[in-house]
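Colleague: I'm new to this, so could you take me slowly through the salt bridges here? I'd like to know who pairs with whom and how exposed the partners are.

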Amino acid sequence: MLQFTVQYTVAIPELSRQQLRAWALRAAKAAHQDVAFDVAELTLRFVDTEEAIALNKAYREKDYAPNVLTFEYGIDELDTVRGDIIICVPILKQEAQQQHKTLKQHAAHLVIHGVLHALGYDHIEEADAQEMEALEAKILADIGFPNPYET
């Protein structure tokens, strides 16, 4: 059901491939209830600020480093959904500290958030945002992490 690749252009030894895959798999299973696909082929890439800015500028015309950037490619005729998820390591670390979260808590949230985007979820409309945030909070609670949307 999940083909998952992790690329590190920035070292982040606190996050093992096994842990990242487990989080992605939980998100894919949760999304599978709402999104019909047979296989999810996802790539997670950890980058520095420079690469994050370049990608955000090239594809979204925004000149800043996002914490997570997802490229959703849709579902093909074989019911395979594909996506790329980019996480900016310096922003991940900075936000975790600012939000008084552990690195793993914030990384889990960003991975789950990115996987849900890759599987077609978005948060442009308020109702969609509430659905996506509720699903993220449920997945995170299932792995023992607090709701990132509660202060």
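Modeller: Helices (H or I, at least four residues) and strands (E, at least two) are DSSP runs, numbered from the N terminus. This is a predicted model, so local features need pLDDT of at least 70 and side-chain atom pairs 80 or more, while totals for chains, interfaces and linings use all residues. Residues are numbered from 1 along each chain as its sequence is written, and side-chain values use heavy atoms, without hydrogens and water.

Let's start in helix 5, where Asp142 and Lys138 both sit, four residues apart, or about one turn of the helix. Their side chains meet in a salt bridge (a side-chain nitrogen of Lys or Arg within 4 Å of a carboxyl oxygen of Asp or Glu), at 3.0 Å from N to O. Asp142 is partly exposed at 45% relative accessible area (buried is under 20%, exposed over 50%, partly exposed in between, with a 1.4 Å probe and protein chains only).

Overall, the count comes to five salt bridges. One of them links Glu51 and Arg45, whose closest N and O atoms are 2.8 Å apart. Glu51 is partly exposed, at 22% relative accessibility, and Arg45 is partly exposed too, at 24%.

Then there's Asp63 with Lys57, where the closest N and O atoms of the salt bridge are 3.3 Å apart. Here Asp63 is exposed, with a relative accessible area of 57%, while Lys57 counts as partly exposed at 44%.
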